[in-house]
Structures are given as C-alpha cells and as structure tokens.
Amino acid sequence: MDSRQPCRSCGRAPLLVPRAPKETPDREMPPIYVINLDRSTDRWSAIERSRDFGLDIRRVAGVDGRDIPPADWIGTDAEKFRRCHGREILPGEYGCYRSHLKALELVAAGPDPLAIITEDDVTLP
C-alpha cells in the first residue's frame, strides 16, 4: 500500500508523523509501526521477514473493534457519522480508528523524528 491507496479497512492513507529534522542530512529509514491484530499471526509472520532487509519494524497490537461494545466506544460521534455516511460505524472501522491512534501515540512518545504507520496488509521488501 502506498500513500495514494487508502486502507482497505478504514479508507485512510498511511500516516507520516513529522518531527523536527535531525541536524545531519543523512537520514536513516524511519521505523515502521505496523498495526496487527493478535489473531493475524500469518500476516505478522510475513511482515517480520522484511527485517532481513534491515527495516526497523515495530508491531502495534491492533484494537479489535468486535471486542468492544458500541456503548463503550470513545472518541466517536455516531450521529455525525450517520449523517455523513448514511449508516452506523462498523466495529472494524472503530478498531482501525483506535489502532491508528494507538500507533500515533507510540510514535509521539518515542524519540524518532518521524515514523511510518501502516497496517499488516502492506507489501514490504
């Protein structure tokens, strides 16, 4: 998946989180935070093989929206979503939303000046 192709689950493009640039122009490949549901071990195995190419891959345990009752969903406006999309938020969409926020929080709390956040359906070398 590249930046022009939206996520198949939620329709969003992968996020880049910029920070202040390093002082040197030489920049290593940023870490790649990969969102992966615990039950998707086959997808994670495929992603891990990319480490052989020197990629700094970091797993983010995905949030499974099916495990959270809609009454417990936070940070959503169900009525606004219904008006805009003509339907309810799907559990998978909620999980995707929460997973991306979780990944973003990890990046923001870390020392890296930037990072790539993607899902486990990305194709890496």
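Begin by selecting strands S2 and S4, which pair in the parallel sense over four bridges. Two strands count as paired if DSSP finds at least two bridges between them. Helices (H or I, at least four residues) and strands (E, at least two) are DSSP runs, numbered from the N terminus. Before going on, please note that this is a predicted model, in which local features need pLDDT of at least 70 and side-chain atom pairs count only at pLDDT 80 or more, while totals for chains, interfaces and linings use all residues. Residues are numbered from 1 along each chain as its sequence is written, and side-chain values use heavy atoms, with hydrogens and water left out.

**Stop 1: strand S2 and its partners**

Click on Tyr 33 and look across to S4, where its bridge partner is Ile 117. Ile 32 has Ile 57 of S3 standing opposite. Follow the chain as it crosses from S2 through H1 to S3, and you trace a right-handed β-α-β crossover. Right-handed here means that, with the strands pointing away from the viewer, the path from the first strand over the helix to the second runs clockwise.

How many of the five residues of strand S2 (residues 32-36) are buried? Five of the five are, so the strand is largely enclosed by the rest of the structure. Buried means under 20% relative accessible area, exposed means over 50%, and partly exposed lies in between (1.4 Å probe, protein chains only). Turn the view to see both faces of S2 covered: Ile 32, Val 34 and Asn 36 are buried on one side, Tyr 33 and Ile 35 on the other.

**Stop 2: Asn 36**

Stay in strand S2 and select Asn 36. Asn 36 counts as buried, at 2% relative accessibility. What does the side chain of Asn 36 reach? Show Ser 40 as well, and you will find its backbone oxygen at 3.1 Å from that side chain.

**Stop 3: salt bridges**

Next, display the charged side chains. The structure holds ten salt bridges, each defined by a side-chain nitrogen of Lys or Arg within 4 Å of a carboxyl oxygen of Asp or Glu.

Select Asp 120 and Arg 43 to see one of them, with 2.7 Å from N to O. This pair links distant parts of the chain, 77 residues apart: Asp 120 sits in the segment after strand S4 (116-119), and Arg 43 in helix H1 (residues 41-48). Which of the two is buried? Asp 120 is, at 9% relative accessibility, whereas Arg 43 is partly exposed at 37%.

Move on to Arg 87 and Glu 93, whose side chains meet in a salt bridge at 2.6 Å, N to O. Arg 87 is partly exposed, with a relative accessible area of 34%, and Glu 93 counts as buried at 17%. Elsewhere, salt bridges that share partners join Arg 39, Asp 64 and Arg 66 into one network. Within that group, select Asp 64 and Arg 66, which meet at 3.5 Å, N to O. Asp 64 is buried at 16%, while Arg 66 counts as exposed at 58%.

**Stop 4: the aromatic rings**

Now select the aromatic side chains; the structure holds two aromatic pairs. Trp 73 and Tyr 94 form a stacked pair, 4.5 Å centre to centre with 5° between the planes. The two lie 21 residues apart and link distant parts of the chain, with Trp 73 in the loop between S3 and helix H2 (78-85) and Tyr 94 in helix H3 (residues 91-109). Both Trp 73 and Tyr 94 are buried. Tyr 94 also pairs with Tyr 97, and this pair is tilted: 6.1 Å centre to centre, 55° between the planes.

The rings considered are those of Phe, Tyr and Trp (its six-membered ring), which pair if their centres lie within 6.5 Å; planes under 30 degrees apart count as stacked, over 60 as edge-to-face and the rest as tilted.

Why are Tyr 94 and Tyr 97 separated by about one helical turn? They are three residues apart in helix H3. Tyr 94 itself is buried, with a relative accessible area of 3%. Show Trp 73, Tyr 94 and Tyr 97 together, and you have one aromatic cluster.

Finish with Cys 84 and Cys 96. Cys 84 counts as exposed at 55% relative accessibility, whereas Cys 96 is buried at 8%. With a disulfide taken as a pair of cysteine sulfur atoms within 2.5 Å, the count for this structure comes to zero.

Methods: A polar contact is a pair of N or O atoms within 3.5 Å; within protein, one must be able to donate a hydrogen and the other to accept it, and residues adjacent in sequence count only if both atoms are side-chain atoms.
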